[in-house]
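Try each one on your own before reading the solution.

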Amino acid sequence: MLSFSVDVPALGYYSYLMSDQSHIRNFSIIAHIDHGKSTLADRILQLTDSVAERQMRDQLLDRMDLERERGITIKAQAVRAYYKVEGEGEYQLNLIDTPGHVDFSYEVSRSLAACEGVLLVVDASQGIEAQTLANTYLALENDLEIIPVLNKIDLPMAEPERRAEELMNLIGCAPEDILHISAKTGQGVDRLLDGIVQRIPPPRGSVDDPPRALIFDSIYDQYRGVVAFLRVVDGGFKRGDEIRSFVSQRRSEVEEVGIFSPDMRSTGRLGTGEVGYLIAGVKNVSDLRVGDTLTLVDRPAEKPLPGYKEAVPMVFCGLFPIDGDDYPVLKDALEKLALNDSSLFWEPETSKALGFGFRCGFLGLLHMEIVRERLEREFDLELLATTPNVRYQVEMVGGEVRTVSNPVDFPTPGDMEEVREPYISAGILVPDEFVGAVMELCQDRRGAYRDMEYISAARVRLAYDLPLAEIVLDFFDILKSRTRGYASLDYEMKGYEVGDLVRLDILIAGDVVDALSLVVHRDKAYRVGRRMVERLRRQIPRQLFEVPIQAAIGSKVIARETVRAIRKDVVAKCYGGDVTRKRKLLEKQKAGKKRMKTVGSVDIPQEAFLAVLDLDED
Amino acid sequence: MGSRHLYIHIPFCPSRCRYCDFASEAIHVGGEYRIERYFRMLHSEIQGFLPELHLPLETVYVGGGTPTAVRRGLLTELLSRISQRSGSAQGAGRGPREEGGALIHPDGELTVEANPGTVDAEYLAELMRAGVTRLSLGVQSFHPELLRSLGRRVEINQLDTAIGAVKDVGWLDWNLDLVFGIPGQDRDSMHRDIYSAVQARPTHISLYDLTYTRGYLDYLDQEIQVPFRDAQQFAEDHYAEAADLLQDAGYLRYEISNFALPGYESKHNQAYWRGRDYAGVGVAAVSTLGGERRTNPDTVDEYLRRRPPTLESLSPPVRLYEKVMLGLRTRDGVDEEEVASALDSKSVEEMVDRGLLTRRCGTLCLTRRGFGLCNTVLIAILREVEPNQVSEHP
């Protein structure tokens, strides 16, 4: 993946010199999607002659097609550039690229652990977005130096004064601390590079202490095995060293170390404060785990670096291959994806309606969408995904506490003492004219109002606590549509709270279709049940017999619709000129039927399983 | 071998009806010259087909468009060539003809489609002299409002004139077309349409559900603002009743949507449903000859430019598939043993259990209820044809 075969010209005499620790700067860029992070990164690479202009591709750092398509970064990546300052020599700048979406805050915190400073990039016409805020708080918590940057000042809609004010309120900086640039035209970027050198501190850490390095990301290369992205904190690592990781306890020998410039280049060693990669013949990602600390077998460090935290999946769904024969392909595909995505959770699952598949856990909805798209695209699979759901803690009558991540396993009301569901703390940034709409939406989603503050004259940050379950379906999209696109959302897990939750089952022709079961709040059960049976009635094609569709809680039916039996087909002519057309139509209809799942004796199209994901609100 | 059946397409109409699903264009588009050119090409295409025809033909069908809307001389000349009739006036439809040189057998069936508004007694007499044995009159409905819903520019008096003309010349063998499920139709108008049709005493009546094409839906929605869902529901609920009414009046249902007095079935169409080879000339015409299907281009322009037909190779499994698809539409059904390999026996039994299919001396056919669900039954019982057995090339 990172082996990008562009012919990069030699960096020059300085390239393989070990930089003095005082001349290293490790930093990240925090920015909202579309605020110009990638353009700025490109510009920095360009100005430091890191990539020849004619070979430069737009937004080099975003490798995956998907990333490029959606304009987002999924995986953190690191790039080294050299910047010469008059009279001071050459500085080694390590730019560590971070994901920008709320789903990937875990990845962000990992990359920040490898930096001493961040460029906080804000679009001068859009202002601070919720995710920028969240990541900024993260940076502040990590004691990083923040350089505020206003980008896109070349645009006519830029409002530098107003945005500067927002920034000052946010991080308490002085007006002269804020750099005004245009990454697109390059205006101000050289001053930014000077700023990076002057204001971001060099890495702390001791050259002489027993070596320690933090793995802040990793990828799996099919030829070389696990490639760990490292930030060396103390000491150094070189080829041939025998290393050990603190958490996984695994020992291995360093085959190769090097830097990204932007593609991988072997340097033979990585010194204190540097950022680069390491390959140690490890085939299993869990042996070189992100967040883990590496040290030398011969000179082991006493304590690991802080930063190891297991990524917790927040959103789940069932993934089933439409063609049952594809099950092994799906299994293989998930294995391969998980190699590069340590936060992807998956385990086998069986559904009466859909057959054999997997229950998967994701960091969020975007993560889920991306994984799904990658599975379908890279492995040529046609998949059916069930409604996304969250994990519940159920205390049974009798004391046993269970974790339920599949609605099918959710017990009936009589067996449960108490149910707890995950909650989030959400921050929503909106222009103040939409405050009412947002409050209404949050209330509708069982939100609890926490706070409201003006971050600038007309922009508000609303803080609400919400059940995660109310977010996972379509909250974000509806939030966007009700605020004409202006709202931005960030959230973090808050913990579990008690909720009056029940399982809603859907029965078709008297049979419970397990793949359609949902867990809902009791107050919403009727509304959701009605919506589902109505949608299903429209989705399920008419059969030769009447098909009742019911929504039930336990044995109590709360909503019902009926699909009428088909009594007559349309009588169309069929003469000599119609034969081929008619034949093809029949074949197409038959093929369509085959693609449906038969539950009992009722044919159900795939779309029906996604019925509840419809965005139309009642 | 060769085909004993010929279809000729005349794609010209005085104006296009809004619901029209056929290949046709309004006459004024190219004028007289264009139509004459078309007929010349037809003649030469027929000549080209001669080696593949098994003469004398059993049936010839002239359809459209509106064949009777073009200059009369053009049509009668074409018909004369086919029937080699020379002009001695005859009485009823099935009179004797001159032998030798004719494309069509003296006792063969020569059908021409006609539209009210384009025929009168004189013209019908001419057609009869030219060898036409069977007429098909496109009535669709006897109600002005329903005709308007169809976007059909025909007046009621034109209907009366046409039917009157048929009677005046004593034409015996003729079909009347009715359309079902027209927006605005109700039980009352349905009954009256059937009654009027029966009163006209044709020997054959066709009753089709209205096909809602995109163009027609737009017409309903944008131009005349007439809703159609009720009509579709009406058709579903009442077609069976209409079919029963026709049968009560003596018109036996010999195919899903075709009803005839005994002995007056359309022989040409039966050839299609029995899977016989047939040749087709003109715009959009299709031929099925010796395992190959040829489809002519669907516009007059392309036809005149001699764009070659698309070819489709029909393997035996495909032919068998089609045999079932077409045969089950008829009262006679299909020979079960002959088509066994095309059917999924389990599904066949299921359909029999449901009372949609029945067996009669080795044939499989739809029941009365099954007629209404023909498509559903076909989809259930027909096995898919393997993709490598169907091939097309332009």
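**Exercise 1.** Which elements of chain B do the buried residues of α5(B) pack against?

*Solution.* Keep in mind as you go that this is a predicted model.

Step 1. Find helix α5 of chain B, residues 156–168. Its 13 residues reach 18 Å from the first C-alpha to the last, close to the 18 Å expected at 1.5 Å a residue.

Step 2. Pick out the buried positions: Leu159(B), Ala162(B), Ile163(B), Ala165(B) and Val166(B). They cover an arc of only 150° around the axis, so they sit on the same side of α5(B). An α-helix has 3.6 residues a turn, so residues three or four places apart point the same way.

Step 3. Look at what that buried set meets: α3 (121–129), β6 (134–140) and β7 (174–180) of chain B.

Step 4. Turn to the other side of α5(B), where Ile156(B), Asn157(B) and Lys167(B) are exposed. Following the helix is Gly170(B), with a positive phi near 70°.

**Exercise 2.** Describe how helix α12 of chain A packs with helix α11 of chain B.

*Solution.* Two packed helices are described by the angle between their axes and the distance between the axes.

Step 1. Take α12(A), residues 579–594, and α11(B), residues 316–327: the angle is about 95° and the axes are 11 Å apart. Angles of 65 to 115 degrees count as roughly perpendicular, and therefore α12(A) is roughly perpendicular to α11(B).

Step 2. List the residues that make the contact. From α12(A) come Val579(A), Lys582(A), Arg583(A) and Leu586(A), while α11(B) supplies Tyr321(B), Glu322(B), Met325(B) and Leu326(B).

Step 3. Sort them by class: five are nonpolar, none is polar and three are charged.

Step 4. Now zoom out to the chains. In total, 22 residues of chain A are in contact with 34 residues of chain B. The side of chain A that touches chain B has nine nonpolar, four polar and nine charged residues.

Notes
Residues numbered from 1 in each chain as written. Chains lettered and ligands numbered in written order. Predicted model: local features only at pLDDT ≥ 70, side-chain atom pairs only at ≥ 80, totals over all residues. Contact = placed C-beta atoms within 7 Å. Nonpolar A, V, L, I, M, F, W, Y, C, P; charged D, E, K, R; others polar. Axes fitted to C-alpha atoms, helices over the stretch in contact; angles between N-to-C directions. Helix = DSSP H or I, 4+ residues; strand = E, 2+ residues; numbered from the N terminus. Parallel < 35°, antiparallel > 145°, perpendicular 65-115°, else oblique. Expected span 1.5 Å × (residues − 1). Buried ≥ 20, exposed ≤ 12 C-beta atoms within 10 Å, placed from the backbone. Arc of directions from axis to C-beta.
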